[in-house]
Structures are given as structure tokens and as C-alpha cells.
Amino acid sequence: MDLLFILIGAGLAIFVIFVSFKSIGAGIAAKSEINRQKDKLKSDEIEKEEEILEEEELNGNEKGLSSNTFNQIDDVLFEIDKFKNIKFLNTAATKKFGKKLQGKHIATVLRVPEILQNIDVVLSTKKNKKIDIELNNPTFQFFSSYIILNNQNSVVIFLKDLTEIIKTQRLRSDFVANVSHELRTPLQSIKLGLETINKGHASNDFESQKKFLPILFQQTVRMENIVRDLLSLSKIELQEHIRPEKKVDIKKIISSVIEMNNEILKKNEIQAELKAPDNEYEILGDQDRLTEVFSNLIDNAAKYSKKGKKIFVNVENNEESVIVSIKDQGIGIPKEYIHRVTERFFRVNPSKSKDVGGTGLGLAIVKHIINQHRADMDIKSEEGVGTEFILKFPAI
Ligand SMILES: Nc1ncnc2c1ncn2[C@@H]1O[C@H](COP(=O)(O)OP(=O)(O)OP(=O)(O)O)[C@@H](O)[C@H]1O
Ligand SMILES: [Mg+2]
């Protein structure tokens with residue numbers, strides 16, 4: 001009997017254990033099913049969110065254009081409302097035109113009447129417009145602009161920067177015209193000289209031939225100088241809109257330029273005096289290009305001065321600028337020509353300039369480097385008294 005009870009008890013226990021295991025198993029299975037469903041819901045939600053984001057990025061959301069997408073592009077983009085205030089601008093626009101422009105009138109950054117008028121035209125006609133714009137202040141810039149209807153009350157202005165392409169095109173045609181004109185003279189001298197040596201009266205006369213050689217050499221050097229200066233000019237013109245970002249010390253640069261020009265100064269018996277009371281005069285600049293600027297100005301001051309004269313170089317600091325003055329006691333520039341000396345190939349007295357090896361490109365190069373540094377150059381001159389070049393670089 002006892003055994004029967006024990007057997008029944010054990011059977012019951014096994015049954016209970018089996019049932020509870022089964023229900024635990026079912027519980028676990030149900031729980032994991034719930035978790036699976038939850039995970040599915042979550043991933044569906046994430047997918048949905050991603051889709052919405054993608055859609056917003058592609059089409060722009062209701063609040064305005066999605067910044068994410070438009071901040072990735074290198075071209076400038078503004079969203080403008082019907083009052084012509086800036087609703088949105090992308091990173092490229094901030095880089096080019098500055099920060100804190102949201103809410104400001106578009107004319108504060110783009111003072112281009114054609115753009116301003118055409119915003120109204122696009123809003124009223126609902127037809128997009130494409131306008132080419134050329135800005136010349138502070139430097140040459142060229143944009144193809146698209147004014148595109150965004151919705152009833154706003155337009156998008158998209159500026160494609162074509163500055164470098166247009167500059168290259170214009171430089172190429174200018175370059176061809178300038179080079180052919182300026183190279184023709186020395187080339188003709190060389191041709192004539194060679195003809196005389198080859199077939200002319202000097203063909204059998206060694207002494208006459210020897211006389212021609214220095215002229216041929218001089219004209220070849222002249223051609224070489226023109227080509228070198230033209231290349232230098234076209235390089236700086238292409239990069240003029242990129243402002244240098246490195247800190248340089250103007251005093252150090254001028255000191256080394258005076259040192260470098262010692263030979264021409266000695267040859268012309270001219271003394272250069274540098275006055276710069278502070279230890280440092282730092283600006284944002286390009287060391288090599290600034291060396292080119294001061295070399296040109298000191299070289300001119302020496303070339304266009306009589307023997308025994310002085311050159312005074314003064315450097316000054318104030319809150320807004322670092323000011324450099326290079327003043328000579330030379331022949332001076334006639335009043336009517338002062339504003340022309342920075343033109344390519346302009347020389348007050350071409351034969352005098354050619355005698356001293358000048359190409360007439362020095363000050364054109366200087367002007368572009370000064371523009372690149374966002375600096376100003378002022379020229380004061382009086383015939384027979386002297387010339388002063390005053391350069392103002394923005395303080396850091
Ligand atoms: N300090 C100066 N005094 C008098 N005339 C000057 C002075 N600087 C420039 N000029 C005049 O301006 C012209 C243009 O100067 P620029 O430096 O561009 O050319 P350059 O000296 O003739 O040639 P380069 O600089 O290429 O050797 C000169 O030919 C000269 O007539
Ligand atoms: Mg010069």
C-alpha cells in the first residue's frame with residue numbers, strides 16, 4: 001500500500017514538473033515572441049524615421065530647407081522670403097559672406113540690383129531665372145546665379161562660383177595680346193641682329209659681329225624677364241581672392257629685402273633707412289609674395305633716383321592697421337600718370353625704364369598682391385622731389 005502511495009506521489013510530482021516545465025517553456029517562447037515583435041516594431045520605426053529624414057533632405061521640410069544636405073555643397077545657397085530677408089544660408093554662404101546673416105536683408109550681402117529685382121519677378125511669375133553677376137569689390141568675382149521658386153513665399157538663390165574659370169579665360173586672351181605686343185620689339189631686334197650677322201654687312205666681319213652679341217644677349221634677357229613677370233602676374237591674379245591666413249612679421253620681411261637689394265642700392269649709391277620702433281609688426285600674409293612687393297618698391301625707389309639719394313622706410317602700428325611707407329628722393333611721377341603706374345606694361349618713360357631692365361609689370365604685380373592681402377596702397381609723388389608708396393595692411 002505504501003509502495004502504491006509512493007508510486008502515485010512520484011507520478012503526480014513528475015506530472016507537475018512536466019506541466020510547469022512546459023508552461024515555463026511556453027512563457028519563455030511567448031516572451032521572446034513579444035521581444036521579437038517589439039524589435040520589429042522598433043526597427044520599423046527607425047526605418048520610418050530614416051525614410052522621413054531622407055525625404056526631408058531630398059525635398060526640404062515644411063519649416064524650410066534641410067541644412068544637412070545643402071551644407072555639404074561648395075556652392076553658395078540662400079533661402080529668401082518675400083521681404084527679401086535671409087531665411088536660411090548654407091555653410092558655403094557663411095564662409096563667403098560671414099556669420100549671423102539669418103534674418104538680414106539679402107542686399108547686405110548681395111548688392112546686385114538685378115538679383116533684387118528678379119526675386120520679385122520669380123515670386124510673381126513663378127518662373128525661375130538665371131543671371132550672371134560680376135562683383136569687383138574687394139576683388140573680381142563672377143557667379144552664375146539661379147533664382148529658383150521654393151514656395152509661394154520664398155525663393156532659393158544658388159550661386160555657382162565661376163571666378164577662377166572666367167579669370168582664366170580673360171587672362172588667357174589678355175596674356176596673348178600683351179605678350180605678342182611686348183615681345184615683338186626685342187624679338188625683332190634679335191632677328192635683325194642675326195640677319196646682319198648671317199647675311200648682312202657683318203657676315204664677314206668678326207669685329208662687327210662681336211658688337212651685336214651684347215645687344216642680342218640684352219634683348220634675350222628682356223624677353224625672359226617679360227615672360228617671368230607675366231607668369232608671376234597671372235599666378236597672383238588667379239589666387240587674388242584667397243586671403244593669406246598665416247601670421248608674418250612685416251619688419252623681418254623688409255629687413256631681409258633691404259639686405260637682398262644691397263647690390264642695386266650700392267651700385268646706385270643709395271642708402272635705405274628702416275624705422276620700425278616696435279619689435280614685431282604681425283599681419284596675415286604670404287611671406288614670398290610680400291617679399292616680392294617690397295623688392296619691387298625698393299628696386300623702383302633705387303632705379304628712379306639719382307646717385308647719393310636716400311630711401312626712407314617707416315613701419316607703424318595702430319589699432320586697425322600696420323602702415324608701411326617707402327619714400328624716395330627720386331625723379332618722381334608726373335601727376336597725370338600717378339594713377340596709371342599699376343597698369344600692366346605702363347612706364348612713364350619707356351626708354352628709361354627699359355634701360356634699367358624694367359618690364360612695366362612690377363607695380364601691376366604689387367597691386368594684385370596688395371589686393372590679395374585686403375590692404376590699401378596710396379601713391380604720393382612730385383616730379384623732381386620724390387615718390388612715396390603707403391601700404392595699409394589690416395591689423396590681426
Ligand atoms: N619710385 C618711383 N619713382 C619714379 N617713378 C616710378 C617709381 N616707381 C614706379 N615708377 C614709374 O612707374 C612705372 C611702372 O613701374 P613698375 O615697377 O610697374 O615697372 P618697371 O619698374 O618699369 O619694371 P619692373 O618693375 O618690371 O622692373 C615705371 O616705369 C616708372 O615710370
Ligand atoms: Mg618696378
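This is a predicted model: local features need pLDDT of at least 70, side-chain atom pairs count only at pLDDT 80 or more; totals for chains, interfaces and linings use all residues.
Welcome! Residues are numbered from 1 along each chain as its sequence is written, while chains are lettered from A and ligands numbered from 1 in the order in which they are written.

**The chain as a whole**
- The protein chain holds eleven helices and twelve strands; these are DSSP runs numbered from the N terminus, with helices (H or I) of at least four residues and strands (E) of at least two.
- Of the 396 residues in the protein chain, 25% are buried.
- Among contacts with a separation of 6 or more, 59% join residues 24 or more positions apart, a contact being two residues whose C-beta atoms, placed from the backbone, lie within 7 Å.

**Around threonine 342**
- Threonine 342 sits in the loop between strand 10 and helix 10 (350-355).
- Setting aside neighbours within four places in sequence, threonine 342 contacts Leu363, Ala364 and Lys367.
- Glycine 360 is 18 residues from threonine 342 in sequence, and their C-alpha atoms are 8.5 Å apart.

**The nonpolar cores**
- The largest nonpolar core has 43 residues, of which Ile250, Phe294, Leu297, Ile298, Ile311 and Ile326 touch the most other members; such a core is a set of buried Ala, Val, Leu, Ile, Met, Phe, Trp, Tyr and Cys residues joined through C-beta atoms within 7 Å.
- Elements that each supply at least two residues of this core include helix 6 (206-239), helix 7 (250-260), strand 9 (310-317) and strand 12 (386-394).
- Helix 9 provides the largest share of this core, seven residues.
- This core lies between domain 2 (164-239) and domain 3 (242-396), because both give residues to it; the domain bounds come from an automatic or database domain assignment.
- Another core lies apart from this one and has 22 residues, among them Ile86, Phe88, Val122 and Leu159.
- Isoleucine 326 touches Leu297, Ile298, Ala301, Ile311, Val313, Glu388 and Phe389, not counting residues up to four places away in sequence.

**Helix 9**
- The 17 residues of helix 9 should span 24 Å at 1.5 Å a residue, which agrees with end C-alpha atoms 24 Å apart; the expected span is 1.5 Å times one less than the number of residues.
- Buried residues of helix 9 include Arg289, Phe294, Asn300 and Lys303.
- Threonine 291 is also in helix 9, and with 17 C-beta neighbours inside 10 Å it counts as partly exposed.
- Beyond its neighbours within four places in sequence, threonine 291 is in contact with Ile253 and Val257.

**Helix 11**
- Helix 11 is mostly covered, with nine of its eleven residues buried.
- Its buried residues include Gly362, Leu363, His368 and Gln372.
- Helix 6, helix 9, strand 11 (376-382) and strand 12 are among what covers them.

**Positive phi angles**
- Most residues other than glycine have a negative phi.
- Just after helix 11, arginine 374 has a positive phi of about 55°.
- Lysine 126, with phi near 60°, is in the loop between helix 4 (113-125) and strand 3 (129-135).
- Glutamate 269 has a positive phi of about 50° and lies in the loop between helix 8 (262-267) and strand 7 (271-275).
- Glutamate 269 counts as exposed, with 12 C-beta neighbours inside 10 Å.

Conventions
A residue is buried if 20 or more other C-beta atoms lie within 10 Å of its own, exposed if 12 or fewer, and partly exposed in between; C-beta atoms are placed from the backbone.
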